[in-house]
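Please walk through the model below with a viewer open. Each stop says what to select and what is found there.

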Amino acid sequence: RHALDVMHAVALEILLAVPIRSANLAALDVEKHLTWIGQGNAQTLSLAIPGSTVKNGQPVTADVSRDAARLLRTYLKRWRPMLMGTLNDAVFPMRSGGPRRPGHLSQSLSDVIYRETGLEMNAHLFRHFAGLIFLRRNPGDFETVRRMLGHKKLETTTSFYAELETREALKRWDDVLRGAGR
């Protein structure tokens, strides 16, 4: 049970740091996708997923925070072996061997999130959550969201998130009006 809890914590940490699709999350491989840089507690982690395995063909490369790298390192050494029936390189292994199926991993993450917070959230929604939170802090910066989510075209990003910007734009306009009356 503890090993599964740590596995879910690692999966959530990765999704918060790098909002990848659930299929890419489930397919993460220790040898193919993770590169450790440095030594000991100063060690960091680089994640690289080739475009050939990503839905839109865009590669995903990201450096993970030191805290996330520490959590992942602890999980890989202490907890992941408890989840494996046979040796394999899957970051999120099945007891029967190989990686967890994307739908299964996404559903188990949803169940944990609901159990712990009462929120209904799935792995894919982390991508939308990332875009929403970023744009609330950086209104109009669609290009960064496009890059963060790996969209090929800016139009894809704006079609998803422009409507959310309207509410923020009206709040800013209200601030201008209220400030003008002082």
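**Stop 1: a helix residue**

Select Phe134, which lies in helix α6 (residues 125-137); helices (H or I, at least four residues) and strands (E, at least two) are DSSP runs, numbered from the N terminus. This is a predicted model, in which local features need pLDDT of at least 70, side-chain atom pairs count only at pLDDT 80 or more, and totals for chains, interfaces and linings use all residues. Residues are numbered from 1 along each chain as its sequence is written, and side-chain values use heavy atoms, with hydrogens and water left out.

Phe134 has a relative accessible area of 22% and is therefore partly exposed. Buried means under 20% relative accessible area, exposed over 50%, and partly exposed in between (1.4 Å probe, protein chains only). Now show what surrounds Phe134: not counting residues up to four places away in sequence, Phe134 touches Asp141, Thr144, Val145 and Met148. Contact here means heavy atoms within 4.5 Å.

**Stop 2: the nonpolar cores**

Which residues touch the most other members of the largest nonpolar core? Select Ile20, Leu25, Leu28, Tyr75 and Phe92, out of 37 residues in that core. Two or more residues each come from α1 (2-17), α2 (22-26), β2 (44-49), β3 (60-64), α4 (66-83) and α5 (102-117). The most come from α1, with eight residues. A nonpolar core is a set of buried Ala, Val, Leu, Ile, Met, Phe, Trp, Tyr and Cys residues joined through side-chain atoms within 4.5 Å.

Centre on Leu28 next; leaving aside neighbours within four places in sequence, its contacts include Ile14, His33, Leu47, Asp89 and Phe92.

**Stop 3: two strands**

Show β2 and β3, which run antiparallel and are joined by five bridges; strands pair if DSSP finds at least two bridges between them. Leu47 has Ala62 in β3 as its bridge partner.

**Stop 4: helix α5**

Select Ser110 in helix α5. Ser110 is buried, at a relative accessible area of 14%. Beyond its neighbours within four places in sequence, Ser110 is in contact with Met121 and Asn122.
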